[in-house]
Every structure is written in C-alpha cells, then in structure tokens.
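The following note sets out numbered points on the structure shown below.

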Amino acid sequence: MPEKKFTLAEDGPRIKQFLDTVFRLAGFDLTYSVSEGETPHPDFENPDILVRFSGPDVDLLLGNKAELLLALEQLTMEALRMPAEEHSRVCFDANDYRVLRIEELRMSALAAAERVKKSRMPFHFSPMNSRERRIIHLSLRNETDVRSESVGMGPIRQVVVVPADMKTLPEPIRPPRPRPEDDKPRRPFGRGPRDRGDRGGRDRRPRR
C-alpha cells in the first residue's frame, strides 16, 4: 500500500480552517466531517482524506453534476497548495455522490468502447476534470481494440475513445452554448437576507 502523504493530524485542521471561512462568508447551511480516506473503489480512487458534507444546503453542492462540490474541492486543494498530481489524495463527497459517479463513469466508458468497436469512429465525452478523466482511462486500460486519450486544453479538455490503431487524434468538441432558458437567474448561494421590498412603504406611482 502506498504511503499516505496527507494525514488528519497535519492537514485536517488546515482543511477545516479553510472550509469554515468559506461557509461563514457564503452563508452555507452545511456540516461536514473530515476522516481517513475510504476505498469503495480502490482501483479508481484511494484518498488519504475524505471530507463528507451534509445539511440543508447539500443539494446546492450536488446540483449540475456536483459542480459546486467539485469547485469547493478544487479551491481547498489550491488553498493547501497541493500539486495537481496529488489531487486524488483528498476527496469531497455528499450523499455518496462519489461512489455513484464512479460507477456511472465506468459504465459510460465501457459503453463508449463497445460503440467505437462497432463503428470505428471516435467517441467524445463531455469536458470533465482530471479526476474524472482518470476514471475513464482506468476503466479502459485493459481494452485492446480501443484506447482513450485526453484532448483539448483548459475547460474543454475531454476524453476521446478511438480505435487502438488510429494514428491521428480528433480535435476536441466544444460544448454547445447554453440555451436561453439556462440563463435564467438562479437562487443565490447560501441563505442571505430576503428581499423585503421598499422599506419606506411609500407609493412610488407617479402623481397626476
């Protein structure tokens, strides 16, 4: 078993200090626990530290494919100055999202491999973070007829599954622009003060 590089004794207090500051400023109604890493899928993730969230605002963390949960995880790693290659050693989770997501990615990778075998055409996944790309790659590491590669840069970096003998990788596919209904204002994060309207209570209609 590889030696742990992050421990509760040394890194737990730093994680707690950062999260407490974020929650106080953002007004999140959340609780969390920091514990030794668990390994329900040791072939894909084997973290040293697991941070598990709960509370009334947990749905905010898990909305839009856990966008906020992953962003909070990324910010915490940057605050701890963890190098990119060590990011898998700290894991954030809520409502067992991580276990379900790993299984979803694994099944999607296998389905993509079968599709490429039959069509001989590349299959692009949507852009995802480095940890999820790694799960796709590991899911297909024993395939002989297809292989997975990461293409693109920055926010559009994505996994493409191609026939094993394909020499030139396809260009990344840029995600479509959001639909107009996706641009509607969302509920603000946290539980800030509600709009109480005009405090003066005066009639704002123009006089005749």
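1. At the start of helix α4, a side-chain oxygen of asparagine 129 comes to within 3.2 Å of the backbone nitrogen of arginine 131. This is a polar contact, that is, a pair of N or O atoms within 3.5 Å; within protein, one must be able to donate a hydrogen and the other to accept it, and residues adjacent in sequence count only if both atoms are side-chain atoms. Helices (H or I, at least four residues) and strands (E, at least two) are DSSP runs, numbered from the N terminus.

2. The model is predicted: local features need pLDDT of at least 70, side-chain atom pairs count only at pLDDT 80 or more, and totals for chains, interfaces and linings use all residues. Residues are numbered from 1 along each chain as its sequence is written, and side-chain values use heavy atoms, with hydrogens and water left out.

3. Helix α4 (residues 130–139) is largely enclosed by the rest of the structure, because seven of its ten residues are buried. Buried denotes under 20% relative accessible area, exposed over 50%, and partly exposed in between (1.4 Å probe, protein chains only). The buried residues of α4 are Arg131, Glu132, Arg133, Ile135, Ile136, Leu138 and Ser139. They pack against α2 (58–79), β3, α3 (97–119), β5 (146–151) and β6 (158–163), where contact means heavy atoms within 4.5 Å.

4. Three strands make up an open sheet of mixed pairing, in the order β1-β2-β3. Its edge strands, β1 (31–36) and β3, each pair on one side only. The twist from one strand to the next averages 20°. Strand β2 (residues 49–54) pairs with β3 in the parallel sense over five bridges; two strands pair if DSSP finds at least two bridges between them. Phenylalanine 53 has alanine 94 of β3 as its bridge partner.

5. Helix α1 (residues 8–26) lies across β1, β2 and β3 and runs at about 165° to β1. Axes are lines fitted to C-alpha atoms, for helices over the stretch in contact, and angles run from 0 to 180 degrees between N-to-C directions.

6. Aspartate 93 belongs to strand β3 (residues 90–94). The aspartate 93 side chain does reach the backbone nitrogen of arginine 98, at 2.9 Å. Not counting residues up to four places away in sequence, aspartate 93 touches Leu50, Val51, Arg52, Phe53, Leu69 and Arg98.

7. A salt bridge is a side-chain nitrogen of Lys or Arg within 4 Å of a carboxyl oxygen of Asp or Glu, and the count by this rule comes to 14. Glu45, Glu73, Arg98 and Arg131 are linked in a network of such bridges.

8. Within helix α3, glutamate 104 and arginine 101 are three residues apart, about one helical turn, and their side chains meet in a salt bridge (3.1 Å, N to O). Glutamate 104 is partly exposed at 43% relative accessibility, whereas arginine 101 is buried at 11%. Arginine 106 and glutamate 103, also three residues apart in α3, form a salt bridge with closest N and O atoms 2.8 Å apart.

9. Glutamate 143 forms a salt bridge with lysine 117, with 2.9 Å between the closest N and O atoms. Glutamate 143 lies in the loop between α4 and β5 and lysine 117 in helix α3, so the pair ties together parts that are 26 residues apart in sequence.
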